[in-house]
Amino acid sequence: MTPPYQEGKVLCDLHAHPSAQGSLEEKITLLGSPGLVGLAAWHNSQSILTYEQAADIVHKDPSFKEITSGQLAQFREGYFARTQEIPVGQFHLLAVGCAGKYFRQSDINNYDIIQDAVNDIHSRGGIAILNHPFVVMGGLLYRSANLREERFIKKAGEIVDEIEVHNASCINLVPYVMDFRKANSKAAALAENSRFQGVAASDCHGEYAQVKVCGIYVDEKVIQEQGMKGITDAITSGNFQRYGEAEQGPYLSWGNWLKGMMWNIGVTISEVIGRT
């Protein structure tokens, strides 16, 4: 599950939701290991490790350096960045490089169409990546998009800045019945012969071992000299290399996926109880 090392490159896993409840040692190891983790906040969750929490943990370490204020930092051999996953109807967008406050529930309620959300992301200096486009999330469950939803997906592909074509959490859950690798194959087909190169991400849920199993390689010099804008420009210009393919993987193991799902269920239940 360890991605190959590339000289002068950083493997960026921008779509990940590691738990905020891990031990201090686990968090330090996660943040300081080679590669970059995007700490993808969710608008109503307090259980995901945020960029701000991570910076607070390691800010006294001599190796800590904030490259882009409030958005991107270096720590030991690794990097971590502030990202956010935003639900808009059937879609999930990854906002990367946004300045200012996180998107709130009130913002999301105002998004009637995906264009509204993308416009808002752009107004904050960020880019919008369409996450797992052919997987539709609904509460604790997820399923493959139906034919009607697939027509909307193609239209969404005309609006966003990039498409996630490999999601390591889209595993062969139930052979021949719920094989979500097919969703990755469809996403790759959508990106083929388009302006997109297609990105990859772990879509980690809670488990630190899931982070950085795949992603995109970006020049380290670009990250060091241009910060978050260097990363977003690399994505929109296609100046990166993807590590993750539908047919070849990598994918999370069934057991590791189950651990992440149990964490997700626990988080959802606790948040529902907290709102009642």
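Figure 1. K229 is exposed, at 54% relative accessibility (exposed is over 50% relative accessible area, buried under 20%, partly exposed in between, with a 1.4 Å probe and protein chains only). This is a predicted model: local features need pLDDT of at least 70, side-chain atom pairs count only at pLDDT 80 or more, and totals for chains, interfaces and linings use all residues. Residues are numbered from 1 along each chain as its sequence is written, and side-chain values use heavy atoms, without hydrogens or water. D233 is partly exposed, with a relative accessible area of 28%. The side chains of K229 and D233 form a salt bridge of 2.7 Å, N to O (a Lys or Arg side-chain nitrogen within 4 Å of an Asp or Glu carboxyl oxygen). Both residues sit in helix 7 (residues 220–237), four residues apart, about one turn of the helix (helices, H or I, are DSSP runs of at least four residues, strands, E, of at least two, numbered from the N terminus).

**Figure 2. D61 and R76 join two loops.** The structure holds eleven salt bridges. In the one between D61 and R76, the closest N and O atoms are 3.3 Å apart. D61 lies in the loop between helix 2 (51–58) and strand 3 (65–68). R76 lies in the loop between strand 4 (72–75) and strand 5 (78–88), and the two residues are 15 residues apart. D61 is partly exposed, at 22% relative accessible area. R76 is also partly exposed, at 47%.

Figure 3. R124 is in the loop between helix 4 and strand 7, and D107 is in helix 3 (residues 105–109). The pair is 17 residues apart and links distant parts of the chain. Both residues are buried. R104, D107, D120 and R124 are linked in a network of salt bridges.

**Figure 4. I114 sits in the largest nonpolar core.** This core has 42 residues (a nonpolar core is a set of buried Ala, Val, Leu, Ile, Met, Phe, Trp, Tyr and Cys residues joined through side-chain atoms within 4.5 Å). I86, L93, I114, I121, L130 and V160 touch the most other members. Helix 4 (residues 114–123) gives the largest share, four residues. Beyond its neighbours within four places in sequence, I114 is in contact with V88, F91, L93, L130, A156, I159 and V160 (heavy atoms within 4.5 Å). Another core, of 21 residues, lies apart and includes L14, L72, V96 and I216.

**Figure 5. The largest cavity has 16 lining residues**. There are three cavities of 30 Å³ or more (sets of points on a 1 Å grid where a 1.4 Å probe fits but cannot get out, with lining residues having an atom within 4 Å of a point). The largest has a volume of about 190 Å³. Y142, S169, H205, W257 and M261 lie nearest its centre. Strand 8 (135–138) and helix 8 (254–275) give two or more lining residues. Helix 8 supplies the largest share, four residues. The lining divides into eight nonpolar, seven polar and one charged residue.

Figure 6. Among the lining residues are C12, H15, N131, E164 and A200. Nine of the lining residues are nonpolar, two polar and one charged.

Terms used
On a 1 Å grid over the protein atoms alone, a cavity is a set of points where a 1.4 Å probe fits but cannot get out, and a pocket is an open set with protein on both sides within 12 Å along at least five of seven lines; lining residues have an atom within 4 Å of a point. Grid points are joined across faces, edges and corners, and a volume is the space filled by probe spheres set on the points. Ala, Val, Leu, Ile, Met, Phe, Trp, Tyr, Cys and Pro count as nonpolar, Asp, Glu, Lys and Arg as charged, and the others, Gly among them, as polar.
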